[in-house]
Amino acid sequence: MFLGHSLLNSVTIINVLQNVLPPGPKDPPGVFNRSLRRYYDYIIVGGGSAGSVLAARLTEDKTSVLLLEAGGSDLENEATVIPGASGNLLRTKQDWNYHSVPQKYSSFAMENKQIYLASGKMLGGCGSMNSMVVIRGSRHDYDEWAKQGCKGWSYKEVLPYFKKMETMKIPALSGSPYRGTKGKIVVTPKSSTTLEFFNRKAASEIGYRSVDCNGYSQIGYCPNQANIKNGERCSSTTCYLRPVMYRRNLQISLNSYVTKVLIRGKRAIGVQFVKGGRTYNVYARKEVIMSAGAFGSPHILLLSGVGPKMHLRKFKIPVHADLPVGNNLQNHPILAMPYSINTTLNINVKKLTDPETVLDYILHRKGYYTTPLVDGHMFDKLDKTSPSKYADSQNIFGPTAYERPSIVNSYSNYIDKVQHELLNRTTDSSFNVFLCLLHPKSKGYVRLATANPLRQPLLDPRFLANPHDIEMFLKMIRWTQQLEKTSSWRSLDVRLIRYDMEGHCGELKFNTDNYWRCIIRHFIISGCHPSSSCRMGSKRDPTAVVDPTLRVKGIKNLRVVDASVMRNVISGNTNSPTMMIAEKAAVMIKCGTKY
């Protein structure tokens with residue numbers, strides 16, 4: 001899900017779709033082939049969810065912008081356009097295909113105890129491969145940021161930017177003071193199956209009313225909202241950047257791998273990047289802006305001499321600023337709970353490969369492929385001892401069946417023995433509930449593996465390092481089990497598909513607390529919502545990398561604008577908040593806002 005980033009891997013006949021679809025969106029001819037200049041006003045590193053918004057906004061006047069993207073165009077793979085095909089992007093060249101370091105506290109059922117960390121490597125970044133779920137987070141998230149020193153980032157102050165970026169087309173929410181109607185990102189009501197009705201009714205039976213989780217309060221049941229326009233993905237690249245690619249003051253360079261920021265006298269003056277086997281230096285008259293994501297931005301900063309000095313000295317990298325870059329990495333761990341049912345109201349391989357389904361999309365832009373394969377969400381605050389006011393738990397209702405793709409081609413990274421056993425438990429009449437821990441106490445890090453910029457960084461989410469997170473997952477499991485007792489779910493004969501087997505919790509008595517603690521440690525995966533690795537805070541905050549104007553502390557003309565600046569990970573999917581951050585940053589940059 002991200003990822004911002006789809007939790008659900010759809011098996012599609014994507015190759016057939018690519019061959020028979022009418023011509024889709026195209027990049028303007030020659031737009032990526034312009035000759036590089038030596039100087040630009042702004043250089044943006046990363047053309048993802050934030051970078052695309054920034055490039056579009058900063059070039060609204062005569063300002064010159066160079067946008068450097070390590071990957072290619074999102075349109076090189078048709079699956080970026082088709083909402084229901086997003087799972088086909090996993091482990092392709094459009095994916096950085098990151099893996100964590102071996103985990104100490106979790107992932108015991110995964111190959112080498114490593115967590116697969118999908119991340120978009122193309123224009124649009126994770127926003128071009130995620131499940132398009134639109135969730136802003138709780139208003140209390142942003143109020144807490146402001147209280148902790150992020151001046152200007154309270155909910156009241158960020159709400160105008162959330163509204164500015166969206167055109168909300170949900171009739172039931174028309175007139176809401178929390179929603180926008182004139183923005184670039186089209187938000188539509190996008191549940192995928194009739195199962196949504198049963199999940200909504202089940203939630204109602206245990207006390208949750210239907211809410212707009214992007215309105216006043218998240219807590220309740222929220223029918224899915226998605227950034228989908230006319231049956232196609234509406235990412236920041238599709239709906240912000242591509243319409244303005246023709247601008248002469250905007251240059252986009254693809255397959256351009258930035259190796260470091262050029263810093264002279266505590267001032268960022270440009271960047272170095274590799275393209276087509278050649279190394280280039282380009283220079284910024286005004287600013288270098290890092291928008292490479294919560295893994296990429298800290299990685300490049302570390303290579304540039306901005307980070308913990310002891311770590312940099314280990315690799316003999318000159319230190320320009322001793323800052324906690326790469327610390328405080330936060331992410332949403334997820335536990336999937338698959339359930340079998342007595343009906344085929346779900347989505348399965350047979351339906352997705354049915355010629356009628358394919359033709360429905362090709363001819364009418366209707367059907368399963370126009371949906372993100374997510375039905376809805378349930379939010380609550382289960383930790384009653386916490387003084388915080390935001391939701392800490394999210395259930396994501398996924399209507400795709402627990403079949404081979406959910407095991408082999410998904411966000412899991414199972415060892416062969418576990419994969420083989422789970423394949424024997426699949427059924428095409430099933431669905432998934434994804435338990436997402438919104439505010440884990442466990443924090444990870446991004447570090448250099450080597451001074452070679454072409455080597456991937458060391459990524460350690462440290463899932464479940466804090467025992468509190470296991471107990472929170474246990475609360476979420478018991479919370480989810482309340483749904484099993486409702487008349488709505490009983491009418492579907494909902495039955496849990498178990499994970500336990502020899503060597504993986506099989507020796508423990510089913511449904512005891514210790515049984516579930518074991519399952520949690522063995523089977524959690526990443527929600528692909530990394531954040532906070534270049535944390536925002538006041539100038540005096542020793543945990544902060546950037547100030548509230550997103551300027552890197554101690555280095556002039558260097559800013560970070562992406563999910564890595566989040567004070568703490570928000571209560572939900574991170575793609576929409578990342579675009580909001582870019583909208584707000586664009587205004588601050590244009591107005592020269594000082595802190």
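Colleague: Numbering the bonded cysteines of the protein in sequence order, what is the pairing?

Modeller: The pairing is 1-2, 3-4, 5-6. Please note that this is a predicted model, in which local features need pLDDT of at least 70 and side-chain atom pairs count only at pLDDT 80 or more, while totals for chains, interfaces and linings use all residues. Residues are numbered from 1 along each chain as its sequence is written, and side-chain values use heavy atoms, with hydrogens and water left out.

Colleague: What is the handedness of the disulfide of C213 and C222?

Modeller: The sulfur atoms of C213 and C222 lie 2.3 Å apart. The torsion about their S-S bond is about -55°, and the disulfide is therefore left-handed. Both C213 and C222 are buried, a term that stands for under 20% relative accessible area, with exposed meaning over 50% and partly exposed in between (1.4 Å probe, protein chains only).

Colleague: Which cysteine does a disulfide join to C234?

Modeller: The partner of C234 is C239, with an S to S distance of 2.1 Å. C234 has a relative accessible area of 0% and is buried; C239 also counts as buried, at 11% relative accessibility.

Colleague: Where in the structure do C505 and C518 lie?

Modeller: The sulfur atoms of this disulfide are 2.1 Å apart, and the link of C505 and C518 is left-handed, with -90° about the S-S bond. C505 lies in the loop between strand 23 (495-496) and helix 15 (513-523), and C518 is in helix 15, so the pair ties together parts that are 13 residues apart in sequence. Helices (H or I, at least four residues) and strands (E, at least two) are DSSP runs, numbered from the N terminus.

Colleague: Why do C505 and C518 count as buried?

Modeller: C505 counts as buried because its relative accessibility is 1%. C518 counts as buried because its relative accessibility is 15%.

Note on methods: Disulfide = S-S within 2.5 Å.
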